[in-house]
Amino acid sequence: MPELRRDLISHRWIITGTQSEEEFFSSLNLKPKEAGVECFFCEGNETKTLPEIYSIRKFDTRPNTPGWQVRVVPSKSAAFKIDGDVGKVGRGIYDMMNNIGAHELIIESPQHIKNICELPPEQILLILKVYQTRLRDLNNDERLRYALIFKNQRPESPLRYGHTHSQLAALPLTPKAVKDELISAKNYFSYKERCLFCDIIRQEQRDKKRIVEENFDYISFVPFATKFPFELSIMPKKHNADFRAESESSLKNLAQILKISLSKISAVLNDPPLNYILHTIPYMRPKPDYWKTIHNDFHWHIEIYPQISEITGFEWGSGYHIQPLLPEICTKLLLAK
Ligand SMILES: [Zn+2]
Ligand SMILES: [Zn+2]
Ligand SMILES: [Zn+2]
């Protein structure tokens, strides 16, 4: 029976359970994989990218030469540029702003590996540390308000898009998706005096129907009202609003749960394209009243979205997602892998 469910963080209603497992998998159109051609992200091709911003590399090697483990370079097709002022202007009723910001590519392996979950946990740990380093560094630029880490994983894609990498977009404003979460978390906190995300974790631990993996520091679960089949959330179990503050031992457990979660999705869906995003707190530029409770009410997290279904006119037009497979069935299938 289809159900209508509401997500507590986005307040979005979801229509779910419209298909059985058999109907869902027979409607999927999973693409065959193409072989990679020459890839600019592979070790040995360092001069084919823009000069590196940062890397973890052998101590006796020079920047932009082989010998690295994780490498950060500016995006050639950057949507944002780092020079200039923010310069907000109005044009009639319309608002405009200069596209100040940074767009960086975090190349996650010197080898042509397509899926981050194929990397050993120690390598994933290095990648997570690079996320922290870049987030901390960009905080020094007063013009920037938010840095979003995200991944567009496209294993079927030739060239560099098929080489495992993440991206970082640092922006002169806090994105609406983050603002909506901040407002939702703040409202919940002012009403209940508890963190919304901590409450969700406790509820999932009580229900025991949607948890896919848990370790000492993290929980990975299919949210109660997912927009897409096999969507996952990973949250630290100990309350923390700021990803930059996680310790090395915590990041080790994050690497472990990220690898397992992504491996399970790959196993169920035959290595599908997917996105993940990391939502942490904004850079805390002075703003009266705005940040008073943020360390209590917000809780950083990772959202993972396999890209296997199209967004239809109904979804664009209504803002309601139809998610054919019940979250509990998604969990059952992920647990079996
Ligand atoms: Zn490559
Ligand atoms: Zn919390
Ligand atoms: Zn989020």
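Me: Which residue stands opposite Asn152 in β13?
Reply: This is a predicted model, by the way. Strand β8 (residues 146-153) and strand β13 (residues 274-279) run antiparallel, joined by five bridges. Asn152 sits in that β8 stretch, and the residue facing Asn152 from β13 is Asn275.

Me: What is the bridge partner of Asn275 in β14?
Reply: β13 also pairs with strand β14 (residues 301-306), in the antiparallel sense and over six bridges. Look along β14 for the partner of Asn275, and you land on Tyr305.

Me: Which are the edge strands of the open sheet?
Reply: Start with the order of the ten strands, β3-β4-β7-β9-β8-β13-β14-β12-β11-β10, with antiparallel pairing. An edge strand pairs on one side only. Here, that picks out β3 (54-57) and β10 (211-214).

Me: And what does the twist average from one strand to the next?
Reply: We're still in that open sheet of ten strands. Going from one strand to the next, the twist averages 15°.

Me: Which residues have the most contacts inside the largest nonpolar core?
Reply: That core has 66 residues. Its largest share, eight residues, comes from helix α5 (residues 248-269). Leaving aside neighbours within four places in sequence, Ile106 touches Val70, Val72 and Ile127, among others. The residues with the most contacts inside the core are Ile106 and Leu128.

Technical notes: Residues are numbered from 1 along each chain as its sequence is written. Chains are lettered from A and ligands numbered from 1 in the order in which they are written. This is a predicted model: local features need pLDDT of at least 70, side-chain atom pairs count only at pLDDT 80 or more; totals for chains, interfaces and linings use all residues. A nonpolar core is a set of buried Ala, Val, Leu, Ile, Met, Phe, Trp, Tyr and Cys residues joined through C-beta atoms within 7 Å. A residue is buried if 20 or more other C-beta atoms lie within 10 Å of its own, exposed if 12 or fewer, and partly exposed in between; C-beta atoms are placed from the backbone. Helices (H or I, at least four residues) and strands (E, at least two) are DSSP runs, numbered from the N terminus. Two residues are in contact if their C-beta atoms, placed from the backbone, lie within 7 Å. Two strands pair if DSSP finds at least two bridges between them. Axes are lines fitted to C-alpha atoms, for helices over the stretch in contact, and angles run from 0 to 180 degrees between N-to-C directions.
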